[in-house]
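The sequence and structure come first.

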Amino acid sequence: GEVISDPGEAAAVEPDPDSLVLLPDPDERKHDRTVTASLERVSAHDSAIGLFAANTARLDINDADFSGNLLDGVVLHRFVTQAHLEEVTAHRNGGDGIRAGRGTTDVSIDGAHASGNRGNGITVNGSALADGPSATGVATGAFGGHSVTGSSVTGNGHYGIQVTGGSGIAVRDNDVSRHTSGIVVNGTASDIDLSGNRVRSSTEHGISLRDDVTGTRIHDNTIGGADTAIYARGSAGEITGNTISRATNHGITVIDQPETTTVSRNSIAGSGPAAIDTSRSGTSVVLVANSAAQWEVTKPLPVILQRIFQPLTVLWLVIVVLLVATAGTTARWRP
């Protein structure tokens, strides 16, 4: 038959304190499991991860060195909030130098030194923990509030600084050099501020926006030496007041943006097919007062050959060759 328990009755089975599995105590108060920590003048070398933090309400790290570790130098994992990293060094780690993962909020990285890491110098991930309902019921909203300022990021194996998803994230006044791409923002991200950065010697892009990045402000950056200095694909925002030099393909490229992108008051120098490439933009691009006086227009060889060998031009060349060949044959056989 059906068994109905009375909440007022005493439990028929009392918990055994020696058991590996204890029944929950209904009178036990729920305590906040987050902690706070402050670390100053510490270092960790030759470990798996230099520093790993999770469930930390406030974390202050100052004048610390996490270098030569097998994976990442610093990992801020789930539910780290209001973390402040100042003058943190992360060199020659097997993964990223410093990584703020999903589920972290209000992380500020100031005056960091990240170089020679196999992954990114600095990674900030503000993506949601889940795209929809999940077995664990984690939050589906984006995270953010992070900032990376006044840092030196040099010669890492992948990107200099990467921002993946999130909102309200600022990357300002950093020196970023010798990467595949200097600063990359990708994923569903909004309200991103990239300003005052000095990006040099990127083999692909100086600053890159990729896929669903909106409300981005790229302003007052100095970018020297890149295939394309500022590259925006499937993203939109304001690109204004940047100084670009030694670009070898395009100064600014906008492709398939989801909404209007404004490109204004940029100074562009270099060489390539065009200083500003909007030929593949999905919607309107507003161009205002950009300067490309120092841009040298060059055409790649396939484009030059395509323009020379138009169908009609090829036809006339064939006719001329046939006439010359026929005339030569007739002259040889004439008595």
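## Contacts, core and charged pairs

The side chains of Ser 264 and Thr 240 are joined by a polar contact of 3.1 Å. The model is a predicted one. Ser 264 belongs to strand S20, which covers residues 261–264. Its relative accessibility is 12%, so Ser 264 counts as buried. Beyond its neighbours within four places in sequence, Ser 264 is in contact with Ile 239, Thr 240, Gly 241, Val 288 and Asn 290.

**Overall make-up**

The chain has 335 residues, and 41% of them count as buried. Its secondary structure comprises two helices and 24 strands. Among contacts with a separation of 6 or more, 49% are between residues 24 or more positions apart.

The largest nonpolar core contains 53 residues, and Leu 76, Ile 98, Ile 122 and Leu 194 have the most contacts inside it. Strand S14 (residues 175–195) contributes the largest share of this core, six residues.

Leaving out residues up to four places away in sequence, Leu 76 touches Ala 53, Leu 59, Ala 83, Leu 85, Arg 99, Ala 100, Gly 101, Thr 104 and Val 107. Val 75 lies in strand S5, residues 74–76. With a relative accessible area of 3%, Val 75 is buried. Under the rule that skips residues up to four places away, Val 75 touches Ile 49, Leu 51, Phe 52, Ala 53 and Arg 99. The C-alpha atoms of Val 75 and Ala 100 are separated by 6.1 Å, although the two residues are 25 apart along the chain.

**Salt bridges**

Side chains of opposite charge can pair when their charged atoms come close. The structure holds eleven salt bridges. Three of them are listed here.

| Salt bridge | N to O distance |
|---|---|
| Arg 99 and Asp 72 | 2.6 Å |
| Arg 99 and Asp 96 | 4.0 Å |
| Arg 217 and Asp 193 | 3.8 Å |

Arg 99 is partly exposed, at a relative accessible area of 28%. Asp 72, in contrast, is buried, with a value of 7%. Arg 99 also forms a salt bridge with Asp 96, and Asp 96 is buried, with a relative accessible area of 12%.

The salt bridge of Asp 193 and Arg 217 has its closest N and O atoms 3.8 Å apart. Asp 193 is in strand S14 and Arg 217 in strand S16 (residues 213–219), so the pair ties together parts 24 residues apart in sequence. Asp 193 counts as buried because its relative accessibility is 5%, under the 20% limit. Arg 217 has a relative accessibility of 31% and counts as partly exposed. Through shared partners, salt bridges join Arg 172, Asp 191, Asp 193 and Arg 217 into one network.

**Positive phi values**

Most residues other than glycine have a negative phi. Asn 55 has a positive phi, near 50 degrees, and is not a glycine. Asn 55 sits in the loop between strand S3 (51–53) and strand S4 (56–67). The relative accessible area of Asn 55 is 35%, which makes the residue partly exposed.

Asp 173 also has a positive phi, of about 55 degrees, without being a glycine. Asp 173 is in the loop between strand S13 (159–172) and S14. At 43% relative accessibility, Asp 173 is classed as partly exposed.

Which residues make the nonpolar surface patch of about 540 Å²? They are Leu 312, Leu 315, Trp 316, Ile 319 and Leu 323. One of them, Leu 315, is located in helix H2, residues 311–333. Leu 315 has a relative accessible area of 47% and is therefore partly exposed.

Definitions and conventions. Residues are numbered from 1 along each chain as its sequence is written. This is a predicted model: local features need pLDDT of at least 70, side-chain atom pairs count only at pLDDT 80 or more; totals for chains, interfaces and linings use all residues. Side-chain values use heavy atoms; hydrogens and water are left out. Patches are made of residues with over 30% relative accessible area and no salt bridge: like charges are joined within 9 Å, nonpolar side chains (Val, Leu, Ile, Met, Phe, Trp, Tyr) within 5 Å. Accessible areas come from the Shrake-Rupley method with a 1.4 Å probe; for residues, only the protein chains shown count as cover. A salt bridge is a side-chain nitrogen of Lys or Arg within 4 Å of a carboxyl oxygen of Asp or Glu. Helices (H or I, at least four residues) and strands (E, at least two) are DSSP runs, numbered from the N terminus. Buried means under 20% relative accessible area, exposed over 50%, partly exposed in between (1.4 Å probe, protein chains only). A polar contact is a pair of N or O atoms within 3.5 Å; within protein, one must be able to donate a hydrogen and the other to accept it, and residues adjacent in sequence count only if both atoms are side-chain atoms. Contact means heavy atoms within 4.5 Å. A nonpolar core is a set of buried Ala, Val, Leu, Ile, Met, Phe, Trp, Tyr and Cys residues joined through side-chain atoms within 4.5 Å.
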